[in-house]
Amino acid sequence: MAGTGGTPFLLSPVTGRPATPSSAVFDVDAAAAHHHPGKPAAADAGAAFVLESKGTWWHAGFHLTTAIVGPTALTLPYALRGMGWGLGLAALTAVAAVTFYAYFLVSKVLDHCEAQGRRHIRFRELAADVLGSGWVFYLVVTVQTAINAGVTTGSILLAADCLQIMYSSLAPNGPLRLYHFIIIVAVVLAFLSQLPSFHSLRYINLGSLILSFGYTILVSAACIRAGVSASAPSKDYSLSSSGSEKTFNAFLSISILASVFGNGILPEIQATLAPPAAGKMVKALALCYAVAFFTFYFPAITGYWAFGNEVQSNVLQSLMPDSGPSLAPTWLLGLVVVLVLLQLLAIALVYSQVAYEIMEKSSADAARGRFSGRNLAPRVALRTAYVAVCAFVAAMLPFFGDIVGVVGAVGFVPLDFVLPVVMYNMALAPPRRSPVYVVNVAIMVVFTGVGVIGAVASVRKLVLDAGKFKLFSDTVVD
């Protein structure tokens, strides 16, 4: 690792001179202008239209909360199951602290670059600036695209599954199948996707924040009711007697925790802030993590307490067992499913913004109006096509959750744990023996290992579930 940031280590793609982490700016348009001096750099419609900088810190907090706090909170009891009470809660707290710290570092790096006259609104350009390498730009683009398309596809699939659950309870022998509900979700999402900018989602994301409180309170109350009822399941919190199985379960749980707190789009969220952005993202992070504290710890503790080692990968499945009566009122479970369904639409919209920004940058003309015919037609066509492709993949691969697990392990960990500490050490260059530098290196090493182990665990689950996989199946593989 090039630690101190004072030694030239790569040629600038713009000037051809040796670049340092503080001076190497990877900018595609600037590079084009350098190679073609008579041609001015193209206007950036992606920045002007999709990542417009008009928001306040609480708007950024709404966006960030939607990106992090979602139905994955209902998997946290299962994460505790792999480690037990003490280690599980300690790991949950540690991952929360590390991710808050990592996102804080990204915000500080963004503020540092902005103070030097280089405001970055995209993760890929920030990483390429600080690390001074063109390949980093394309690596981040690839990983972000995989994460964002994966989350969008998974959200469509799970939202359709929610609709199917409600439909099946009302019409057990009805003719509609999973792909019908995927089409319904895709049509609604394609319509909502025409909202032109990230900033225009601010009230939808406020609604998403409220929804997360709603279903986590309901699920937690249902778990408490199930835990004290006469038909309560036996509570066993012991870990596996096999040392290897215990170790594997612990690392799988840590991987789940890392994925739950991941987002991979913090620079794009900070881009929505009206300049100067310095200091505002810290307030947005505080808002997000205040919400996360309640919505993560409450269901994690109540779900694990109620079901112990028998808790399923989604605590809702424990409340609605395949055999026997439901352990919660039908109206409550139905309301939870509705709230989760609505939030999944908001999550899909948030994670689609990076793809829409890339499309808009290439297809739109910033010199024309946002709603001019020249820009509106390609926006509608491209965004609708993007949603249609994601929906097709969701229908074709209803076991996509297992694939997303692999993508999350190899995507969220580098973007949310490794790159933030590396960029901070290189951009702000703390002394090598300072506590900050040492802690950052420790986080990089530990979570690189977590990412590798998480990928292995996810691939293992993919292999174990392979027998259940069927293209265009009518059921979602858990």
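Reader: Where does Pro-329 lie?

Author: Pro-329 sits in the loop between helix H13 (315-319) and H14. Keep in mind that this is a predicted model.

Reader: Is Pro-329 buried, exposed or partly exposed?

Author: The general idea is to look at relative accessible area: under 20% is buried and over 50% is exposed, with partly exposed in between. Pro-329 has a relative accessible area of 23%, so this residue is partly exposed.

Reader: How many residues apart in sequence are Pro-329 and Arg-225, and what is the distance in space?

Author: In sequence, 104 residues separate Pro-329 from Arg-225, while their C-alpha atoms are 9.9 Å apart in space.

Reader: Why does Gln-353 count as buried?

Author: Use the cut-off again: buried means under 20% relative accessible area. Gln-353 counts as buried because its relative accessibility is 2%.

Reader: What lies 2.9 Å from a polar atom of the Gln-353 side chain?

Author: That is the backbone oxygen of Leu-349.

Reader: How many disulfides does a search of the whole structure find?

Author: In general, a disulfide is a covalent bond linking the sulfur atoms of two cysteines. Here the search of the whole structure returns zero disulfides.

Reader: And the cysteines: are Cys-223 and Cys-390 buried or exposed?

Author: Cys-223 is buried, because its relative accessibility is 0%. Cys-390, at 4% relative accessibility, also counts as buried.

Note on methods. Residues are numbered from 1 along each chain as its sequence is written. This is a predicted model: local features need pLDDT of at least 70, side-chain atom pairs count only at pLDDT 80 or more; totals for chains, interfaces and linings use all residues. Side-chain values use heavy atoms; hydrogens and water are left out. A disulfide is a pair of cysteine sulfur atoms within 2.5 Å. Buried means under 20% relative accessible area, exposed over 50%, partly exposed in between (1.4 Å probe, protein chains only). A polar contact is a pair of N or O atoms within 3.5 Å; within protein, one must be able to donate a hydrogen and the other to accept it, and residues adjacent in sequence count only if both atoms are side-chain atoms. Helices (H or I, at least four residues) and strands (E, at least two) are DSSP runs, numbered from the N terminus.
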